Amino acid sequence: MVVLKGIGVVSGIAIGKLVVYMHPDKHISRATTEDTEGEIALFNEARSKAIVQLEDLYESSVEDLGEVNASIFVAQEMLLEDSQYIEYVEDKIRESHYNAGYAVVLASDEFSRLFTTIEDKYMQSHVADVRDVSERLLRILCGSEIEMAEPGEPCILASDDFSAGDIVQFNRERVLGIATMFGSPASHASILAGTMNLPSVVGLGQEMLSIYEGRCAILNGIKGELIIDPDKKTLDRMKRKQKEYEEQQKMLLLLKGKNNVTKSGAYINVYANISSTEGVDTALLYDAGGIGLLRSEFIYIESQTYPSEEDQFNVYRQVLERMRGRKVIIRTLDLGTDKQAAYFRPEKENNPALGFRAIRISLAQPAIFKTQLRALYRASVYGNLDILFPLIISKDEVLQIKKIIKEVKKELDSEGVPYRKDTRIGIMIETPAAVLISDELAKEVDFFSIGTNDLTQYTLAIDRQNPKLESYFNALHPAVYKMIEMTAQNAHKAGIQVDICGEAAADPEYTQSFIDMGIDALSVSPNMVLPLRKKIRECE
Ligand code: PEP
Ligand code: MG
């Protein structure tokens, strides 16, 4: 089994035989010639041939792909007729005596550079056109065009690179996915593959060789991976994933853009829980209404030392910007127990789950806490941010947090740094203590988020990490259920929002009960977003 890593540009999983088309080497040397007029004639012949090819491509794709997509070929044809482009190539041949191929390479570099330096995004998109057109000319000049023979059965097509023209020539019925050695996500070929919904991975590198022709392969456009000769276990796992993905896609088609309303019209938000910036892609892929829990500790765990304010700010800003105004709830660091960062020098504890973790660490080390809060408030102007604090057990902790927030805001004000003054703060309700004083706590914050994982652990005295106790770990034990109910009632009495973000939020058996309790949002793993949204629409 060989696993090659690339960049996933179109999601989806394809499983099938690999058919490899490698373009023959183009052999473009920087040769000089005395017969400059002959080279110019060769260039113009290649240009005419390329124009005819592009006209054919436009005609054959406009119906299936629509005017917008097919217009790529019109733009490329215009470039081949552009007097500046033609003059540039002809001058290079005439003045420097270069051969036609080398003059085209120079034109490709020069015009790409020119388009890149122009600030206009539309003009920048022509870089891909210049490269595609030049590549087409070079293949004609070197006689290295490949005939795309129609594969006899549906298969995964692989190549050193595909052009937009290659992509539209494929018979969609026979192509399961696309893999390339080179290529980029921004190329027209990648954009067209997306329009055709063809799972695609680019940039697999030189190891993606012709020797794999005819071998069984799995193309994972979600992860950006090509697996050749998968073992049985991998094949079975990926078949299951493929089925899951296809079901999700069907659901997505049905639910995209629709509200999460029950039959009787009650509305509930469905958000995604994520633990890395990559999670944002999956959350968006599954059309989550927002991020209900970003476990910020991943930034600390992945770092060799305390992450700087700037590093954190960049992560938060990126997430907020990519969620484009949808709700993003970021939880401050929740280290401790199984989540450790060595540079915090955690002491060995007899009962780590009852030990030095989460908000206890933040309040004991206010400088570290302030760095995180400054990064969060600075990022707040880039989207719709709420800040969430983990493992609260007392009103005093909330008051300490609010005091530190006040100091942070004062600092930012004095530095003239902008932040959103209306950034809401919430607390995790994940200890029985917090539930029992939730009436008091509700007066101090803007929202609650119930963490059923820890709430179950602490209510039932069952270690959530202990596999032997798995059968006892019941997030909907009547005691936990009552805790959730009590929290929801106290939140609503105080007029604040209450969400659930533990794993129980995704359990379809309890969706109806959560709706009846008036829970405002359920935040679940990204892959559970669509099944839950579907379930909500079936509830009363
Ligand atoms: C929880 O405890 O339910 C929760 C969502 O937080 P975590 O799983 O990160 O402890
Ligand atoms: Mg927790």
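Let's start with one residue: Tyr 343 counts as buried, at 12% relative accessibility. Buried means under 20% relative accessible area, exposed over 50%, and partly exposed in between, with a 1.4 Å probe and protein chains only.

A word on the source. This is a predicted model, where local features need pLDDT of at least 70 and side-chain atom pairs count only at pLDDT 80 or more, while totals for chains, interfaces and linings use all residues. Residues are numbered from 1 along each chain as its sequence is written, chains are lettered from A and ligands numbered from 1 in the order in which they are written, and side-chain values use heavy atoms, leaving out hydrogens and water.

Now the rings. Rings of Phe, Tyr and Trp (its six-membered ring) pair if their centres lie within 6.5 Å; planes under 30 degrees apart count as stacked, over 60 as edge-to-face, and the rest as tilted. How many aromatic pairs does this rule give? The count comes to 10.

Tyr 306 and Tyr 343 form one edge-to-face pair, 4.8 Å centre to centre, with 80° between the planes. Tyr 306 is in the loop between helix 10 (297-301) and helix 11 (309-322), and Tyr 343 is in the loop between strand 11 (327-331) and helix 12 (359-364), so the pair ties together parts 37 residues apart in sequence. Helices (H or I, at least four residues) and strands (E, at least two) are DSSP runs, numbered from the N terminus. Tyr 306 is partly exposed, at 34% relative accessible area. Tyr 300, Tyr 306, Tyr 343 and Phe 344 form one aromatic cluster.

Next pair. The ring centres of Tyr 377 and Tyr 419 are 5.9 Å apart with planes at 85°, so this pair is edge-to-face. Tyr 377 sits in helix 13 (residues 366-379), and Tyr 419 in the loop between helix 14 (395-415) and strand 13 (424-429), 42 residues apart. Tyr 377 is buried at 0%. Tyr 419 is buried at 8%.

Lys 421 lies over its face, 4.5 Å from the ring centre. The rule: NZ of Lys or CZ of Arg within 6 Å of the ring centre and within 35 degrees of the ring normal.

On to helix 18 (residues 478-493). Its buried residues include Val 480, Met 483 and Ile 484. Gly 495 follows helix 18, with a positive phi near 75°.

Last, the domains, with bounds from an automatic or database domain assignment. They are domain 1 (2-23 + 147-234), domain 2 (36-142) and domain 3 (269-428 + 503-538). Over C-alpha atoms, 50 Å separate the centres of domain 2 and domain 3.
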